[in-house]
Amino acid sequence: MALDDNTTTQLLTLLNVSAVKAGKRRQIEDQGHSTKRIKLNQRRTVIQEAPSDESMPLSPPTVEAQGLPDDKELTEPLDLEITEPVSTPFIHHFGNSTPLLSARSLVAADPEGGHARVRWKATRQKVNNKRYLVHFNLEDADGGILEEVISNEGLGGIPEKLKRSYEKSTLSLTKELRELQAKVQTSIMTYQDFHFNHLSATDALEMKATRDAVTLHLANHVLQILKGVLRNNDRISSASASGSEAPSPESIQDQGFTRPSTLILVPFRNSAVRWLDSYLSHFPTSSNNDTQVHNYTRFVAEFSLPPGSTDKLAEENASELYPSDHIQTFRGNIDDNFRVGVKVTKKAVRLFEGFYRSDLIIASPLGLRLAIEKQKNADFLSSIEVVVLDQADVMTMQNWEHVEFIFAALNSHPKESHDTDFSRVKSWYLDGHASKLRQNIIFSSYDTPQIRSLFMNTRNVAGKYRFERKWTGAQVPEGLKQDFVKFEANNARDEVDQRFEHFTKEVFPSILKSAVQSTSTLIFVPSYFDFVRIKRWMKNQEGLSFTFLSEYSTPQDISRAREQFFKGKKSFLLVTERFHFFRRYRIRGIMNVVFYAPPDHSIFYTELLSFPFIDEGLDAGDVTCRILYSKYDAMSLERILISWIGKSVLLELAYSVYLRLFYNSKVTSQRELKRTILVTKKELMETSSQDQFAKWAKLRRKVDKGLADLEKLNSELATTRTTFSLKFNTALWVFTTGAQGLLVWWYRRTPVFYLPQGWLGPAGYWLSFPFAPAGSVSCAAWQMACRRVISMLERLAKDFLITDLEDESAEQVPSASQESNEKPVPSS
């Protein structure tokens, strides 16, 4: 494989540096490692480790040491037998002569030298009634599809002792979870990219099942590398001892520039604990203590809560105060600055190894970026072959730029040699094609343009899988009117300015004109940049009373803003999505909700629309909701509105017409009474009960009388609504399901059309079932066929209209470097 001049010069420089440092590797191993071992008996060894800085990688071991056993034995040594390689997905994908890097695939993965978009051909497969698996294959310029992946059904190629613990853990899972775990496992074992974009943030068992499948894959990958190194070390030693011809250089190229080959990125330390425990569970240890896993006690101490601290999310009443997804995400240590290296040998697993001595790195994006900036290079990421990004949706609430920074640094040529034996480095590493073989595994609770862009811009020539689900729509209080306001956007880059212009010139002026909506209004803004822009604009509006809450607000600011808004001293409350994500406060006093854009998390939509009903006595018809959206909000709208156009919406439309025709006077009285109560209540809030008691008492009696009259009127209209709902549902059933059944029964003996004689043979009987003449198609069969076709057309229309818009918005999503700097993570 040809190299360009710059790459050749760089690699020659590395080779020269490596030659100058000859013999240094063994010296480091013999003199630089300060571990002291005190033998107590023949069965146990106590290890006293000299402290090491986890952020500063230590010097690398020799090539031979990568496969040599450590002195600390596991319960059962790993089976790293030196056997001849067999055809496995690992050999097929990461072998030195992998067929995936053909000239055709290289051109398809890097069109026009990286200046053109990579083309993917998508095919959709239905897994069950809730889930779909979308498969992407590289497409060349002529429209041809590249398919050269070895399937790996089951656990073939995985060491027996790894499979044993994994299969044992699956016994406790339900049938549905076992099927899900098997689907994930068979997908990732082919080394294709994988995105699970609807992993439940509340189902701990589902997260554990998928996590165990991935860590098994990571452990197997590391052991495959070590077995290859051991095998080639034995070949070299045998040839040297016997004086026979040495193995050919190509046959012993079995490694990358540096040792780390797997990387797990997680947002918080509590997630790192779950992933490491899952990883260690595949190794045959009797318990996780320093006898089998070095430094595990230190790991538990550093990644748990500090001594003396309490976790209110771990208390018994936490579920009454916080949503389940918030508890699952923030329970435990939520520090987001950490990294730890894990080294695997034949008889031991060592934690807190330096990066250049590690096989696996577990880190947060922030922690890894700080380590890179401190060392002024990312050489330890030059040979990453499998990267896992867990809880990507949480990382979008932190600082997505860190994630983009890490992915941009992966598989770059190292700046220093790090005592690499370049005769053992695989040729495609030297040619700069490692990123085209790297497997990227992403887990998130939902999809966003940033996550979609990251996933679609990776260039794994083996292909991609995206695991999707059928969203059921957000749950909102019955009777609450949702006004979806669409604005036209020419393209994704101008959409931000066009949204702001439409909000300031169309939406907000109409809010101010309404006596009901111009007070007690919450404005929810997903993007922090939009929040800053709107806040600046609102400050320039004369006489506008508002306050705001963001992720940067102090506890004092939060308390003051909530109190002012609840008491009516401020008419508008501006809130960011990150504030709600980290805090999850229940805000009182809301009568109107305005979404500047649909929230990424559909749960937030449900929660915010439930806040007005914290205080009893409020009817759903008293609350208003506006959602500003464009065609580029397809991802978030899909999670909210997948069931929007349905029976409930038709019921609302029909009921509004019914009220105008038969109960217009009562609706008008209700509207006027609400307006009077709001004005009087606002005046009451501004009146001191001590200095102006007489006025305060008069206003209070007026408010109480108005509320009593409103409650009576609401009760009458609620009875009317219940009666109308029953009649409407009955009529809807009669004119849809009932009418269809009646037509099928009425024309049960009438053929829709006849088939040519002998076309289907005996099977033609079922098309005429139950009473149509033989050789014809009955109404019942034709109805079933029509329903099936309509369902398929609906799915195709959804794929065409929504998926294309999702991909378009993902392609044009701005870089996270344009986002704000580090978002603080408030303590939970």
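This is a predicted model: local features need pLDDT of at least 70, side-chain atom pairs count only at pLDDT 80 or more; totals for chains, interfaces and linings use all residues.

Me: At roughly what angle do the axes of helix α7 and helix α8 cross?

Reply: Helix α7 spans residues 204-242 and helix α8 spans residues 269-280; their axes cross at roughly 60° and come within 8 Å. Angles of 65 to 115 degrees would count as roughly perpendicular, and those under 35 as roughly parallel. The two helices are therefore oblique to each other.

Me: Which residues in α7 meet which residues in α8?

Reply: An α-helix has 3.6 residues a turn, so residues three or four places apart point the same way. In this case α7 contributes R211, D212, V214, T215, L218, A219 and V222, which meet R274, W275, S278 and Y279 in α8. By class, the residues of this contact comprise 6 nonpolar, 2 polar and 3 charged.

Me: In what order do the strands of the open sheet of 6 strands lie?

Reply: The order is β14-β19-β18-β15-β17-β16, and the pairing is parallel. At the edges lie β14 (481-486) and β16 (546-549), each of which pairs on one side only. On average, neighbouring strands of the sheet are turned by 20° against each other, direction ignored. Between β16 and strand β17 (residues 572-576) the parallel pairing runs over 4 bridges, and L549 has V575 in β17 as its bridge partner.

Me: Which strands of the sheet does helix α18 touch?

Reply: Helix α18 (residues 528-539) packs on the sheet against β15, β16 and β17, and its direction makes about 160° with that of β17.

Me: How many residues of helix α12 are buried?

Reply: A residue counts as buried under 20% relative accessible area. By that criterion 8 of the 11 residues of helix α12 (residues 365-375) are buried, and the helix is mostly covered. The buried residues are P365, L366, G367, L368, R369, A371, I372 and Q375. They pack against the strands β6 (262-265), β8 (339-344) and β10 (360-363), and against α13 (392-396) and α14 (400-409).

Me: Which residue follows α12, and what is its phi?

Reply: K376 follows α12, and its phi is positive, near 65°.

How values were computed. Residues are numbered from 1 along each chain as its sequence is written. Side-chain values use heavy atoms; hydrogens and water are left out. Axes are lines fitted to C-alpha atoms, for helices over the stretch in contact, and angles run from 0 to 180 degrees between N-to-C directions. Angles under 35 degrees count as roughly parallel, over 145 as roughly antiparallel, 65 to 115 as roughly perpendicular and the rest as oblique. Contact means heavy atoms within 4.5 Å. Ala, Val, Leu, Ile, Met, Phe, Trp, Tyr, Cys and Pro count as nonpolar, Asp, Glu, Lys and Arg as charged, and the others, Gly among them, as polar. Two strands pair if DSSP finds at least two bridges between them. Buried means under 20% relative accessible area, exposed over 50%, partly exposed in between (1.4 Å probe, protein chains only).
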